[in-house]
Each structure stands twice: as structure tokens, then as C-alpha cells.
Amino acid sequence: MSAPDGSPVGAERSIGQLFASATTEMSALVHDEIALAKAQLKRDVKRGAMSGGAFSAAGAVLLFSLPMLNFALAYGIRTWSNWNLAICFVLSFAANVLVAAVLALIGLVFAKKAKKSRGPQKVAASMKETAGVLQAAKPHPRQPHQADTAVEAVARSSS
């Protein structure tokens, strides 16, 4: 068995060779992790597309079955009340309008709540504030020790 650089595993290698080998292996590991992430993302997107297609098909079936529900409601009202069939269909239509109005009001309430929400603006303001604090931050000077006085004088003279 041999190392990636071709030297035998049991042989002593220099620090440079060890570092090069570690760098090569880390690079390969990072590339493999990226490939794994891509494969997982591809699988998740495929599953999401299949899920979206199934929900769309279910919605289409439900949408196309609504006229049958309206006919059943109208004929049910006719059976229970012996009213004119035209009135029963108007009542079925009115029930649909009532349901649509309630759903529209619920949607309006949620739209107003979403409009009032300032979540993303708060996050952006917080990020700007943090960036401003970090830009204004300066490193604290190191307290000189007795042995470092000569070194610090040289460091200050060069700045």
C-alpha cells in the first residue's frame, strides 16, 4: 500500500510531503462533499417536483369535480324541499358564493397581516447595525510585558 504521493506508507516522510498529502486528501474530501451535496439536492428537487405534480393533479381533479357537487347539492335541495329545480340551482350557486366570500375574507386578513409584518426589514436593519459595530471596532492594544518593551517600541515605530 502507498500514500497518495507514491511513497510507501511505513516509510518516513518529510513534513512537506505530509502536508502535501494532507492537502490533497482534504481537497479530495471537499470535492466529494460537494458532489454528495449536489446529489442530495438533485434528489430533493426531484422529490419536490413529484410532490408538486401530485398536488397539482389532486387540485385539478377537485376542481373538475365541483360541478358534480353543485348538481348533487341542487338535486338534494330539490329532494328535501320539493321546490322548483331552478331555485335549487340558485341556492347551490349562492352557497358557492358564500364559501368564496368567506375564503376571500380570510385571505384578506392574512394579506393585511403579511403587509404589516416587518420581519425582513428588521433582520436587514439588525445586520446593518452589526456591520456598523464591527466596522467601528478596533483591536485592543496588548499590554506590554517587561521583556516585550524593546519589541513593542520597534512595532510602534514601523506603524
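Modeller: The account below begins with the aromatic pairs and then turns to their surroundings.

This is a predicted model, in which local features need pLDDT of at least 70 and side-chain atom pairs count only at pLDDT 80 or more, while totals for chains, interfaces and linings use all residues. Residues are numbered from 1 along each chain as its sequence is written, and side-chain values use heavy atoms, with hydrogens and water left out.

A search of the whole structure finds two aromatic pairs. Rings of Phe, Tyr and Trp (its six-membered ring) pair if their centres lie within 6.5 Å; planes under 30 degrees apart count as stacked, over 60 as edge-to-face and the rest as tilted. The ring centres of phenylalanine 71 and phenylalanine 89 are 5.3 Å apart with the planes at 80°, so this pair is edge-to-face. It links distant parts of the chain, since phenylalanine 71 belongs to helix α1 and phenylalanine 89 to helix α2, 18 residues apart. Helices (H or I, at least four residues) and strands (E, at least two) are DSSP runs, numbered from the N terminus.

For tyrosine 75 and phenylalanine 89, the ring centres are 5.8 Å apart and the planes again stand at 80°, so the pair is edge-to-face. Because tyrosine 75 lies in helix α1 and phenylalanine 89 in helix α2, this pair ties together parts that are 14 residues apart in sequence.

The relative accessible area is 45% for phenylalanine 71, 43% for tyrosine 75 and 29% for phenylalanine 89.

Leucine 66 is also found in helix α1, which spans residues 15–81. Leucine 66 is partly exposed, at 37%, and its C-alpha atom is separated by 9.9 Å from that of asparagine 96, 30 residues apart along the chain.

The UniProt record, an unreviewed entry, places the feature "transmembrane region" at residues 52–77 and 83–111; such annotations may be inferred rather than shown by experiment, and positions are given in the numbering used here, with feature names shortened. Residues 52–77 are 100% helix and 0% strand, with the end C-alpha atoms 37 Å apart. Residues 83–111 are 93% helix and 0% strand, with a separation of 41 Å between the end C-alpha atoms.

How values were computed. Buried means under 20% relative accessible area, exposed over 50%, partly exposed in between (1.4 Å probe, protein chains only).
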